[in-house]
Amino acid sequence: MKLSREEIQRVAMLARLRLTAEEVERFTEQLDKILQYMDKLNQLDTSEVQPLAHAVDIVNAFREDKVTNRPNVDALLANAPARDETFFRVPKIIE
Amino acid sequence: MNPPALTLHEAADLLRQRELSSKELTAAVFDRIAATDDKVHSYITLCRDSALEQAKAADERLKQDQNSHPLLGIPLAIKDNFLTLGIRTTCASKILGDFIPPYDCTVISKIRTAGAVITGKTNLDEFAMGSSAENSAFFPTRNPWRADRVPGGSSGGSAAAVAADQCIAALGTDTGGSIRQPAGCCGIVGLKPTYGRVSRYGIIAFASSMDQVGPMTKDVRDCALMLEAIAGHDPADSTSVNRPVPPYSEGLTGDIKGLRLGIPKEYFVSGMQPEVEQALRQAVRLLEQNGAVIEEISLPHTEYAIAVYYIVATAEASSNLARYDGMRYGYRARGKDLTETYMLSRQEGFGPEVKRRIMLGTYVLSAGYYDAYYLKAQQVRALIKKDFEEAFQRVDAIITPTAPTTAFKMGEKTQDPLQMYLSDIYTISINLAGLPALSLPCGFDSDALPIGMQIIGKHFAESTILGVAYSYEQSTDWHNRKPQL
């Protein structure tokens with residue numbers, strides 16, 4: 001086993017996901033199997049290989065620092081789970 | 001005439017000849033949906049009223065301008081991960097169950113300007129994560145050819161809608177095969193363009209270094225017409241590439257004399273359904289008869305592609321999906337404090353496969369594992385891309401099966417995620433390398449299920465692969481077969 005239940009719990013906390021006891025069991029087993037499969041990458045010597053993040057050569061796309069869109073506050077707030085006039089209403093963040 | 005069964009170019013011709021109006025066509029498509037969608041379940045959301053209004057407006061424009069855009073008045077189905085102004089966009093997730101976008105994605109703006117009619121939003125695996133359309137939070141889509149089979153995924157709803165004549169053509173997205181594999185399973189044409197060819201602005205992000213938008217159509221000519229309509233540079237997507245868009249449909253001559261086609265020996269391995277291999281070998285012979293030169297090639301790092309993909313894609317997904325926190329939009333659960341609100345909203349809002357991938361992606365990026373998994377995967381990704389670069393020094397395009405088997409049974413792979421991942425074996429390397437690739441039908445197996453052939457091209461060589469596909473299609477009639485519904 002590469003993965004422990006505690007490790008799964010730690011990763012779930014990093015991802016801000018609450019898991020049920022049953023999910024912890026299942027994910028521990030499934031992710032362990034998937035990670036073992038991924039170990040096949042260690043068959044390859046990549047010490048001289050530059051990592052590739054993007055497949056197509058791309059350079060930074062710059063534009064002038066100019067406002068091009070006017071935010072429509074009502075449209076943007078229309079999907080908010082809770083709102084207060086022109087603000088998002090959220091749980092208390094600072095104790 | 002049976003209007004819903006028309007191809008896009010046939011319908012466009014009839015609209016211009018006044019043999020058919022967009023309103024008649026659109027109404028007939030909705031009749032077809034009403035008659036068949038309780039069996040197939042392609043659509044999450046239907047837009048009948050707005051579609052009929054768009055059709056009416058298109059008919060007005062057609063009267064005034066005979067040289068208008070080929071998409072004018074054509075009913076198109078849209079995968080439900082494209083942001084559509086005013087039309088609910090769920091990504092087949094409970095977390096976006098009520099989400100109504102405040103803007104159109106660039107591709108939708110383009111087809112709206114062209115005058116296309118939007119029939120509705122099609123089903124997918126939640127957040128485009130899956131190969132069967134079974135991971136939808138709402139319902140699974142069924143394969144129009146056989147109700148006990150999956151339509152493939154993640155663009156399963158779009159593929160099924162095209163195959164079942166519930167639209168004239170459709171749009172999908174492809175991160176690891178999500179256009180091509182369902183196109184193969186449903187016997188239609190599906191193209192994943194080169195990374196950067198089509199704007200991703202307003203497409204709900206899954207794995208940003210690989211996501212790409214593409215057409216799903218009834219034949220190759222339609223595919224070329226759709227690509228022309230959606231391709232092009234977009235300043236709102238900094239990864240979109242500023243290159244002219246060739247007139248893809250005008251380049252379809254059917255002439256492939258002297259074109260060099262590579263067959264990668266690593267793709268013919270155990271686990272492939274014998275009928276898939278036979279169909280592909282026959283298709284290759286036919287392309288040879290049409291003048292192509294066939295050559296065996298090697299893509300030596302093929303066996304590592306799935307491991308690389310499921311590290312890179314889940315890492316990017318775990319980061320992209322961090323935005324679903326229940327604060328500004330989407331589902332919010334009630335927790336006792338902020339952290340618990342986040343954790344409960346995400347627990348209740350995401351389905352099992354999305355959680356599994358967020359967990360995997362978070363793990364491979366976390367302290368102590370980044371070098372072993374994520375960095376290693378990016379290095380092997382470079383080797384996979386290099387394999388293709390070397391192959392493309394010898395050949396103009398590469399021919400492979402789209403998937404190792406025809407459409408599998410519903411429920412067959414849902415309990416074993418790794419088995420599900422392995423069904424993407426022929427499609428994912430292409431996303432890792434950013435290449436364009438197309439799937440088109442090349443036969444049927446003994447269960448009367450379609451078999452897909454994949455044609456892979458060099459970066460921005462969509463014209464070449466469309467040309468090969470067109471040559472094959474002209475010599476066969478697989479694309480004219482229809483499922484009985």
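Let's start inside chain B, where Val220(B), Asp222(B), Cys223(B), Ala224(B), Leu225(B), Met226(B), Leu227(B), Ala229(B) and Ile230(B) of H7(B) are buried (under 20% relative accessible area with a 1.4 Å probe, protein chains only). That makes 9 of the 11 residues in this helix, which spans 220-230; helices here are DSSP runs of H or I, at least four residues, numbered from the N terminus. After the helix comes Gly232(B), with a positive phi near 130°.

A word on the ground rules: this is a predicted model, with local features needing pLDDT of at least 70 and side-chain atom pairs 80 or more, while totals for chains, interfaces and linings use all residues. Residues count from 1 along each chain as its sequence is written, chains are lettered from A and ligands numbered from 1 in the order written, and side-chain values use heavy atoms, leaving out hydrogens and water.

Now for the interface. Here 67 residues of chain B are in contact with 54 of chain A (heavy atoms within 4.5 Å). Together the two chains bury about 5,400 Å², 69% of it on carbon and sulfur atoms; that is accessible area (1.4 Å probe) lost on being put together, summed over both parts. Tyr304(B), Met343(B) and Met359(B) supply 13% of what chain B buries against chain A, more than any other three residues.

There are also 4 salt bridges between the chains (Lys or Arg side-chain nitrogen within 4 Å of an Asp or Glu carboxyl oxygen). Glu23(A) and Lys355(B) form a salt bridge at 3.0 Å, N to O.

How values were computed: Buried < 20%, exposed > 50% of the residue type's maximum accessible area, 1.4 Å probe, protein only. Helix = DSSP H or I, 4+ residues; strand = E, 2+ residues; numbered from the N terminus.
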